[in-house]
Amino acid sequence: MAELLVLDGIRKSYNVGTPVETEILHGIDLVMKAGEFVALMGPSGCGKSTLLNIIGLLDRPTSGRLFIDGKDTTSLDEAALTRLRGHSIGFVFQYHHLISAFTARENVVMPMLVDRGRPDIAMEERADELLDQVGLVKWRDTRALNMSGGQQQRIAVARALAMNPLLVLADEPTGNLDTASAQGVFELMRRFNIERDTTFLIVTHNHNLAAQCDRVIELVDGRLTGDRRNPAINGVAQSR
Amino acid sequence: MRRWLTFAWIAALRFLGEGRMQTGFILGGIAIGVGVIVFMSALLASVQANFTNRVLTSQPQIQLNPPDEVARPLRQLDGVVEAAIVQRPTQRILSLDQWQTILSSMRARSDIVVATPSVSGSALAVRGDASRSIGILGIEPDDYFRIVRLPDYIIAGEPSPGTDDILVGIDLANDLGATVGDKLNVTTGTGGSRILTIRGIFDLGNRGANERNAYVQLRTAQSLLNLIGGVTEIDLTVDDVYAAETIAQDIGAVLPVKAESWIVTNAQFFTAIWAQTLSSLLIRVFVGLSVAFGIAAVLIVSVLQRSKDIGILRAMGSSRGKILRIFLIQGGVLGFLGSLLGSLLGGIALFAWHNLARQANGTELFPLVIEPSLFVFSALLATVTGVVAGMVPALRAARLDPVEAIRG
C-alpha cells in the first residue's frame, strides 16, 4: 500500500517569538498508508485537534514537513493549499457543522459546488447517491437544522466524501451522539473505508470504537506515545 | 439551487434569505433612505425646473443695450489734463446705433433662437384723479411673446395690442380702477402723450412687475419716447440657456453694444439654486452614509453569526476570494433591493405630496418633473454603496482563520 500521509518532525508552537511561546506538538513522525482506518486517542489538550488541523492543511506547522500523497505541502502557498484541501481532504467535525441555510442535499453538494463554481445535475446525483448510502435520501430536501444530531452527522459524513477525497479527518465525530447513533456513524465511516478504500483518521475518546479501528495512535502532551494495530480488525480489512 | 447561479451568489442569497428578520429590517432602512433621496431629488428638480422656467419665460436671456455714455477727461495737446474731476454723465435714453444691422446679424447666428427689438422708458399713466408711474415697453408682439410668454399670464382681455392699445398688470389696473376697454392717458418725460386703451391685463405673479410693467406696440413707444425709428434694446433667446453668458460676452466683444445675459442679471437666483442644490446634496450624502453604515453593521453581525459556516466553507476548499465575494454580493443585493423598494416608496410619497400640497384654488403648486434616470441612478448608487459597505465585513469574513472559526 502506498504511503498516503507522511509527517516528518512536525512541531507546532503558539505565540512564537514571545516570552509565552508554547510548543504544542514536539516533533511528530507518522506514516499512514492509503486505505487505513486509524483512531487517534489522547487526553484533552494533548494537541489532537492541532495535529488534525495541520494534517487537514487548515493550519501550518512551525517546523517539520507534511507529505500528502507524496506531495510536499510545506512549500505550497495558501491558494494551492486551499485547492489541495478541497480536492483531497474531507472533514467531519464533532458538532457536524452543516450549513443551516441549506438542505441536506445542498450541504452534500457544497464541496463540489465550491470546487466547480456552478451547480449541475451530476453534483445532485452524486449527492443523492451519497445520501442514499447514509440512509437519508428521503430527507434530502429538509433543512439541515431540522434533523437529529445523528442524522446531521451522517450527512456530514456524506459531505466529507462528496469530492472522493483520499483522506477523511474526523474530529470526535461521535462525541456528541448517543451510543446507538455513535455506532451507526462509526459503521458508516467504516463501510466507506472498506468499500471505497478511503483513508480515515478519527479522533475519539471512545475506547470501544477505537478497538474497531485498524490502528490506534496515542498522543500525550504533544508526543506520540503509542501506535498499535488491532489484529482482529486488520484481519477483516485484509480479507476484503 | 438555481443552476445559473455561481457558488458565491447561491451562498449570498441563502444567507440573506435565512436571516429574514435582519434582511427585512435593513431593507426597510435602505428603502426609507433611498425613498428620501428620490423624493428630495425629484421635488428639488421640479422646483428648480419650475423656477428656472418662470425666470426664463419672463425675461430675455440676453439683452443688448447701447453702451454706457462715458465722459473723457479733457486734455491739452501735451497731455496735461485740464479738468481733473470727471463726473459720470447722465444716461439718456438712446437708440442702439445701427440696430437694424445688429438685429439681422443676431438673427443670422445659429445659437440665437429669437431676436426682437424693443423700446423702453418711463411714463405716467393717468386715469381720472389717479396717476401711477409705469415703465412702458414697446415691442413687436409676435417675436417678443416668443421670449416672454406674456399670453400665458393674461387674465383678462387679449395679448394683441394695436397701435393705440396697452397691456397692463393687474395691480396697476386695480390702482387705476380700470378694466379691459378702459382708456389711460400715458405721458412720458420727453413730452409724448397719448390716450391708450387697455387691451389686456396680466398677472406675472410679482407685485412690482404687476404695478409697473406696461406693454405697447413698438411704434407707439417710439413716438411716446421721442425715439422715432430707434430702439433701446434688442432681446434675445438662445438655444442653450446656460451658454447665455458666453454668447453675451462674444457679442459684446464684436459689436458696439452692452450685452448682458440672464445669468448676470439674476445672480441671486443662481445663488438660491446653488444653496438649494448644495443643502440637498448634503442631506442626500448623509442619508446615503447612514444607509451604508446600516448595511455594514448588519453584514458585520452576519459575519459573526456565520463564522462557523465560513470556517466550514474554507475547510471545503473555498478561497478567501470566494468568501469575500459572498459578502460583497450580499451588500450589493441589499442595496439594489432596498433601492427598488425605496424608489417605490419615494414615488408614492411624491404623488401623495403632489395631490395633497395644492394652491388655494386647488391647482398644482408646480408640475412634477420625474426623470426615469433618477430611479436608475438611485438603484445604481445604492448597489455600489451596498458593495462598498460590504467591503469591511467581507474582508473580515475572508480573513477569518478557519481553525478559529470552526472551533467557535
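## Contacts, folds and helix packing

Guide: Let us begin with chain A of this predicted model, where residues 24 or more positions apart account for 67% of the contacts with a separation of 6 or more.

Visitor: What is the average pLDDT of chain A, and over which residues is the pLDDT below 50?
Guide: The average pLDDT of chain A is 87, and 95% of the residues score at least 70. One stretch of chain A falls below 50 and has, beyond near neighbours in sequence, four contacts in the model; this stretch is residues 234-240.

Visitor: Is chain B a compact globule, or is it more spread out?
Guide: Chain B has 16 helices and 10 strands. The globule rule gives 22 Å for its 408 residues, whereas the radius of gyration of chain B is 33 Å, well over that value, so chain B is more spread out than a compact globule. Its C-alpha atoms fill a box of roughly 100 × 65 × 40 Å, taken along the principal axes.

Visitor: What percentage of the residues in chain B is buried, and what percentage of its contacts between residues at least 6 apart joins residues at least 24 apart?
Guide: Of the 408 residues in chain B, 39% are buried. Among the contacts in chain B between residues at least 6 apart in sequence, the percentage that joins residues at least 24 apart is 79%.

Visitor: Are α3(A) and α5(A) roughly parallel or oblique to each other?
Guide: Helix α3 (residues 104-116) and helix α5 (residues 149-160) of chain A pack with their axes 8 Å apart and at an angle of about 30°. The contact is made by A:Ala104, A:Asn107, A:Val108, A:Met110 and A:Pro111 on the α3(A) side, and by A:Ile155, A:Ala158 and A:Arg159 on the α5(A) side. The crossing of these helices is right-handed. Because angles under 35 degrees count as roughly parallel, α3(A) and α5(A) are roughly parallel.

Visitor: Is α1(B) oblique or roughly parallel to α13(B)?
Guide: Helix α1 (residues 7-18) and helix α13 (residues 320-356) of chain B pack at an angle of about 55°, and their axes are 8 Å apart. Residues in this contact include B:Phe7, B:Trp9 and B:Phe15 of α1(B), together with B:Ile326, B:Ile329 and B:Val333 of α13(B). The crossing of α1(B) and α13(B) is right-handed. The angle makes α1(B) oblique to α13(B).

Visitor: Which helix gives the largest share of the side of chain B that touches chain A?
Guide: In the model, 19 residues of chain B are in contact with 27 residues of chain A. On the side of chain B that touches chain A, the elements that give two or more residues are α1, α12 (307-315) and α16 (402-407). The largest share is five residues, and these come from α12(B).

Visitor: Is B:Arg314 buried or exposed?
Guide: B:Arg314 is placed in helix α12 of chain B, and, leaving aside residues up to four places away in sequence, B:Arg314 touches B:Ile323 and B:Pro402. Since a residue with 20 or more other C-beta atoms within 10 Å is buried, and B:Arg314 has 26 C-beta neighbours inside 10 Å, B:Arg314 counts as buried.

Visitor: Is A:Leu57 buried or exposed?
Guide: A:Leu57 sits in the loop between α1 (48-55) and β4 (63-68) of chain A, and its phi is near 65°, a positive value in a residue other than glycine. With 25 other C-beta atoms within 10 Å, A:Leu57 is buried.

Visitor: Is A:Asp221 buried or partly exposed?
Guide: A:Asp221 lies in the loop between β9 (215-220) and β10 (223-229) of chain A, and the phi of A:Asp221 is near 50°, a positive value in a residue other than glycine. Because A:Asp221 has 13 C-beta neighbours inside 10 Å, A:Asp221 counts as partly exposed.

Technical notes. Residues are numbered from 1 along each chain as its sequence is written. Chains are lettered from A and ligands numbered from 1 in the order in which they are written. This is a predicted model: local features need pLDDT of at least 70, side-chain atom pairs count only at pLDDT 80 or more; totals for chains, interfaces and linings use all residues. Helices (H or I, at least four residues) and strands (E, at least two) are DSSP runs, numbered from the N terminus. The radius of gyration is taken over C-alpha atoms; the globule rule is 2.2 Å times the number of residues to the power 0.38. A residue is buried if 20 or more other C-beta atoms lie within 10 Å of its own, exposed if 12 or fewer, and partly exposed in between; C-beta atoms are placed from the backbone. Two residues are in contact if their C-beta atoms, placed from the backbone, lie within 7 Å. pLDDT is the predictor's confidence in each residue, from 0 to 100. Axes are lines fitted to C-alpha atoms, for helices over the stretch in contact, and angles run from 0 to 180 degrees between N-to-C directions. Angles under 35 degrees count as roughly parallel, over 145 as roughly antiparallel, 65 to 115 as roughly perpendicular and the rest as oblique. A crossing is left-handed if the near helix is turned anticlockwise from the far one by less than a right angle, and right-handed if clockwise.
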